[in-house]
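Thank you all for coming; I would like to take a few minutes to walk through one chain with you. Please have the sequence and the model open while I talk.

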Amino acid sequence: MRMHTLLAVVLLLFVVTAGSFTGAAQEFNHDEEGVDQEFLHVNRYKRASDSQQDNKCSYTFIVPQQKVTGAICVNSKVPDAILENRVNKQELELLNNELLKQKRQIETLQQLVEVDGGIVNEVKLLRKESRNMNSRVTQLYMQLLHEIIRKRDNALELSQLENKILNQTTEMLQLTNRYKDLEYKYQHLANLANNQSILIAQLEEQCQRLPIRPIPQPPPAQPNKVFQPPPSFPRITNQITNEIQGDQNLKDQQQALPPPLPTMPSITVSPTATNRPSGPWKDCLQALEDGHDTSGIYLVKPENANRLMQVWCDQRHDPGGWTVIQRRQDGSVNFFRNWETYKQGFGNIDGEYWLGLENIYWLTSQGNYKLLVTMEDWLGRKVFAEYASFRLDPEPEFYKLRLGRYHGNAGDSLTWHNGKQFTTLDRDHDVYNGNCAHYQKGGWWYNACAHSNLNGVWYRGGHYRSRYQDGVYWAEFRGGSYSLKKVVMMIRPNPNTFH
């Protein structure tokens, strides 16, 4: 009985153990299928022991109940299949954790890729904008070049307009000066006509007062005499080409006709001066020696020259006898003239004027002459520069300047021009590459260019601002940027000096 009871217990235990094993295997298979469905369908192969267990049959033995009197032994050893299932489950959990980690990393990488994709798109946009900016900068650069070219063209046109305006201004000033000269001549002629009318009226009145005397009859035996006309006085036939000398031709003709008219300035003298010669003289010194010690306008005819000229004689400046060839004092006359005008002379004799290169040449060719230049600044300071000899070569030599030694307190600013030819705006005879007359705005014996420019622009106040040194200056006295107030150039015979 004991043995049967023991056998029944063992079978019962076996059945229970087999059932639990089968349930565990089914649970394991179910878990494994779930895992396969959740994670990438990982295929795993079942062990051979599992398949063998599924195919086993269970047996139930019914034994008679026996009273257990001894010890009951139970096999507590865990089957190998259960251990393997547990190991596989742990591996699956590890794989599941690893897959979760990989999944998180993949998600992180996707996020990074999305972020990097945004950056790439931004970089592309920036490149596109950069290309657009480069195109815009190129367009602006081309516009700037066109603007620069346009401004240069405008500057050239402006420069041309300035030159035209300057030329027109010069012509206008010339016309203004000519108009002033003509007005002066007209006034003088009107005064002359008025004086002549008064003289005619006086003569008529005198004739009416005189008693009428009978005309004696000639003796009948005496033959008729042929009427002899009065001796003819020499008429002046030389041409006065200087525009400031034009009205003097009429004066000279009136002087040459008998009897001399009392309306002429050179004839309207006091009775004590009736024995004085009335000219013309070869220079102002001869007029002074003939007793004319008053400064004013005199008629001069150089020796060996068939030309008359009006000059201003300065008889007051010690020792007198100075012939003024140039004067600047108020800026009323434009000295920016052409060659022909400088040759013949221009201006007003009792004001600002230039005697003329041709006239100066004939005066200085008579003998040895010295030059005196007097200057005054805007503070009233007066200085002078004297040169022992002064003469000009004829026109074929372009009136080349010949100077002697210097003396004075103004400083020597003319010797640097010695031996140089005269230059005007339309005749360039200086040694500079350009025309110095264009820069100095006058006519002078320019070198390259000037230490003195007494025929420049007369600026009021002294110091002036100009692009070039074009004022009336004497470099050794107040410098080239200071325009003098008054300047006088005059000559006088100097027999003690030889050329």
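Let me begin at the end of the chain: in which segment does Pro-495 lie? This is a predicted model, and in it Pro-495 lies in the segment that comes after β13, the strand of residues 486-493.

The protein chain has eight helices and 13 strands, and of its 499 residues 35% count as buried. Among contacts between residues at least 6 apart in sequence, 57% join residues at least 24 apart. The average pLDDT of the chain is 77, and 70% of the residues score at least 70. Over residues 20-52, however, the pLDDT is below 50, and this stretch has 22 contacts in the model beyond near neighbours in sequence. Residues 214-274 also stay under 50, and for them the model has 74 contacts beyond four places in sequence. Where pLDDT is low, the predicted coordinates should not be read in detail, and I would ask you to keep that in mind when you look at those contacts.

The UniProt record, in an unreviewed entry, places a coiled-coil region at residues 85-112 and 158-206. In the model, residues 85-112 are 100% helix and 0% strand, with the end C-alpha atoms 40 Å apart. Cys-207 counts as exposed, at 56% relative accessibility.

That brings me to the other cysteines. The structure holds two disulfides, and if the bonded cysteines are numbered in sequence order, the pairing is 1-2, 3-4. One of these disulfides is formed by Cys-284 and Cys-313, whose sulfur atoms are 1.8 Å apart. The torsion about their S-S bond is about -75°, so this disulfide is left-handed. Because Cys-284 lies in helix α5 (residues 284-289) and Cys-313 in strand β2 (residues 309-314), the pair ties together parts that are 29 residues apart in sequence. Cys-284 is buried, with a relative accessible area of 0%, and Cys-313 is likewise buried at 0%.

The other disulfide joins Cys-436 to Cys-449, with an S to S distance of 2.0 Å, and at -80° about the S-S bond this link is left-handed too. Here Cys-436 lies in helix α8 (residues 436-440) and Cys-449 in the loop between α8 and β11 (452-453), so the parts tied together are 13 residues apart in sequence. Cys-436 is buried at 0% relative accessibility; Cys-449, at 14%, also counts as buried, because the cut-off is under 20%.

Let me turn to the interior. The largest nonpolar core has 61 residues, and those with the most contacts inside it are Trp-354, Leu-371, Met-375, Phe-390 and Trp-474. Taking Leu-371 as an example, and leaving aside neighbours within four places in sequence, its contacts include Ile-325, Ala-385, Phe-390, Leu-403, Leu-414 and Met-489. Helix α7 (residues 357-364) is mostly covered, with seven of its eight residues buried; among them are Leu-357, Glu-358, Ile-360 and Tyr-361.

Not counting residues up to four places away in sequence, Asp-377 touches Phe-477, Arg-478, Tyr-482 and Lys-485.

I will stop there, and I am glad to go back to any of these sites on the screen.

Note on methods. Residues are numbered from 1 along each chain as its sequence is written. This is a predicted model: local features need pLDDT of at least 70, side-chain atom pairs count only at pLDDT 80 or more; totals for chains, interfaces and linings use all residues. Side-chain values use heavy atoms; hydrogens and water are left out. A disulfide is a pair of cysteine sulfur atoms within 2.5 Å. Helices (H or I, at least four residues) and strands (E, at least two) are DSSP runs, numbered from the N terminus. Buried means under 20% relative accessible area, exposed over 50%, partly exposed in between (1.4 Å probe, protein chains only). UniProt positions are given in the numbering used here, feature names are shortened, and annotations may be inferred rather than shown by experiment. Contact means heavy atoms within 4.5 Å. pLDDT is the predictor's confidence in each residue, from 0 to 100. A nonpolar core is a set of buried Ala, Val, Leu, Ile, Met, Phe, Trp, Tyr and Cys residues joined through side-chain atoms within 4.5 Å.
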